[in-house]
Amino acid sequence: MFHWLEKHPFFFAVGVFVTIAFAGLVEILPNFAQASRPVIGTAPYSTLELAGRHVYIKNSCNACHSQLVRPFKSETDRYGHYSLSGEYAYDRPFLWGSKRTGPDLMRVGNYRTTDWHENHMKSPSGVVPGSIMPAYTWLFKNKADINTAYAEQLTVSQFFSTPYNKPVPMKDGSTKIVKMGASTAEANALALAEAKVIAADMKDQDVKDAVANGQIPEIVALIAYMNSLK
Amino acid sequence: MENRPLEYDYTVAKMFMFTTIALGIVGMLIGVILAFELAFPGVNTILGQGLAEFTNYSRLRPLHTDAVIFGFTLSGIWATWYYVGQRVLKVSMAESGFLMFIGKLHFVLYMVVVVAVVASLFLGITTSKEYAEFEWPIDIAVVVVWVLFGVSIFGLIGIRREKSLYISIWYYIATFLGIAMLYLFNNMEIPTMLATNAAGESGIGNWWHSVSMYAGTNDALVEWWYGHNAVAFGFTVPIVAMIYYFLPKESGQAIYSYKLSLLSFWGLMFVYLWAGGHHLLYSTVPDWMQTMGSIFSVILILPSWGSAINMLLTMKGEWQQVAASPLIKFMVLGSTFYMFSTLEGPIQAIKSVNAIAHFTDWIVGHVHDGTLGWVGFMIMAALYHMAPRVFKREIYSKSLMVSQFWIQTLGVVLYFTSMWIAGITQGMMWRAHDEFGNLAYSFIDTVTVLHPYYAIRGVGGLLYLVGFLMFAYNIYKTMSARPVEESELQNASPMGA
């Protein structure tokens, strides 16, 4: 059979393809619908948080920080409850990372504040002596891309029925509505309102001035995103 | 005329040889910079605060991985394809104007993609998925380049004189099919500019931005099915294709066992795809998938060692060649590193070992003993073997090759030993508890302890880069070395002092 295949390239290629495709069919597909169901308490990202997530991706924060707490005592002691599949239901793409040069950030919003992040991004080793993380000073100057975040919200609500402007169940039995603008102008206004809350807790005068003038530096969006990680 | 050997046309092979070397230097240089950034964070602002955004670790990291995978390795795969393909199928590229055109177009479009990738990653335009960072416009261009590669493979097969496909061709076909399937499914994404809102606005935001079709756990599952098997079909399958051709050619020995090559090939094809789950152990992926990933990773030792043992036994009775020829040295040590790496990987895929190893530098060490020791050595050996045949000149310097071999071997050893120690140290410190059940170390303790190992790793990487520059210089000088006759090109490559 093998000798015959080696003289018939077409059938050889088909044979190879079937052999390699088999594992994907059996291993990946069966779980697809179940794995993407959100757990109670998981809400979609707001416009500003999503813009912050884009800043996180743009700077490859995931190259050094994971967002996956494994079910070990040492990890739950350090980072909080282990991760559940449904908590990632609105993560497109997933940001689990593959290397912890720095600590996990899955629940960083539980134990770090706006103020801490501001100081840390300007001078990581000033906040954590011995840190090898570089400073991210340009985040204080570059402006966040709110329009692209808004376009992503529209896309996921249209294609994947992500529940924007709809009540989402919370752990305490209440519901939460994450708003998405009906127009680009409204989306920007919503993001700015959120940015003002963050900027109020910050010290950097340039950032405060920018937000007062209706602009949103990347650092504000990034902090909004990290505060949402709980 | 009847008995004259075929003249092969190496125009396209030469082009890809050039990019193999150029992109190899770029990718490895960035790698060395990254290594020193971890050891000495001041290197992050090496070009000043103003350019820190473009020289800091996190922005450069995907550039390193993509430059060595899709630059150096892929160019090497294609350089050897455009050389080996013709020779084992007994047909010249010059016989088909169409295939020649496809080959050149393949190269030109590849160059366009390379430029787009470098520019976009520097600007931070990325999907964040490892080894699949490119945004959708580049993904489309990649698919076109890949289809051209496929046309070249099957076109050349279509006009072949040798009816039976040699083992190397099996592996090239598998490379093409495997990457095609994986890349397409992992990069399913929707451009966000397609969205419209209630106000009737459309085309909002950046046109190059897209959102993944899969969310969370599913996205991770597809990504690591891809990520792991991009290693399979980029770092293993095509490199095995190379060694099956170049080792017998250079040594003048026949492959030890046809049956072993059959077992290894079909075994590798079937088993490899299952093993992706070992990247997701203790994650939110269902338990049975994790276990399957673990088990199949261990089974994977069989086909991997099958190929490697087949190669080592091919040298049976001819071991003096290892001492005599630096080219054989590269290939034999390459297969040894392949065995080593394919034993280390399954060990790390065992759940209890993975609990310590995952997220640490041990994984980084594992990747590099495979890529530096196996992929890098094999591609350089292939280019060394090709150079005299392509340029019709002897290799410029044998002694330079020998020095390069030892410098790079020392580099690889420093690299993986330091990363083993770093990884296991960190993994153990993360989980250590004191007598009262509290965590024994804060996270920063587990970072500062790694400093000496990061420095050693940087030196190891630097040595490898120096060796690669010696390789580039040797190939460059080969183009003006002593010309050789066809008769001198039987097996062992001619080398100058």
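Modeller: The centres of domain 1 of chain A and domain 2 of chain A, taken over C-alpha atoms, are separated by 41 Å. Domain 1 covers 2-34 and domain 2 covers 41-228 of chain A, with bounds from an automatic or database domain assignment. This is a predicted model, in which local features need pLDDT of at least 70 and side-chain atom pairs count only at pLDDT 80 or more, while totals for chains, interfaces and linings use all residues. Residues are numbered from 1 along each chain as its sequence is written, and chains are lettered from A and ligands numbered from 1 in the order in which they are written.

For the complex, the predictor gives an ipTM of 0.94 and a pTM of 0.95. Chain B has a mean pLDDT (the predictor's confidence in each residue, from 0 to 100) of 94, with 99% of its residues at 70 or more.

Chain B has 17 helices and two strands; these are DSSP runs, H or I of at least four residues for helices and E of at least two for strands, numbered from the N terminus. Its radius of gyration is 23 Å, close to the 23 Å from the globule rule for 497 residues, so chain B is as compact as a globular protein of that length. The radius is taken over C-alpha atoms, and the rule is 2.2 Å times the number of residues to the power 0.38.

The part to look at is helix α8 (residues 258-272) of chain B. Its 15 residues should span 21 Å at 1.5 Å a residue, and the end C-alpha atoms are 21 Å apart, which agrees; the expected span is 1.5 Å times one less than the number of residues. In α8(B), the buried residues (20 or more other C-beta atoms within 10 Å of their own, C-beta atoms being placed from the backbone) are Ser261(B), Ser264(B), Phe265(B), Leu268(B), Met269(B), Val271(B) and Tyr272(B). Their cover includes α6 (167-186), α7 (216-251), α9 and α10 (301-314) of chain B, together with α2 (9-27) of chain A.

Where the two chains meet, the contact (C-beta atoms, placed from the backbone, within 7 Å) takes 77 residues from chain B and 72 from chain A. On the side of chain B that touches chain A, α7(B) gives the largest share, eight residues. By class, that side of chain B has 43 nonpolar, 25 polar and nine charged residues. Ala, Val, Leu, Ile, Met, Phe, Trp, Tyr, Cys and Pro count as nonpolar, Asp, Glu, Lys and Arg as charged, and the others, Gly among them, as polar.

Methods
Buried ≥ 20, exposed ≤ 12 C-beta atoms within 10 Å, placed from the backbone.
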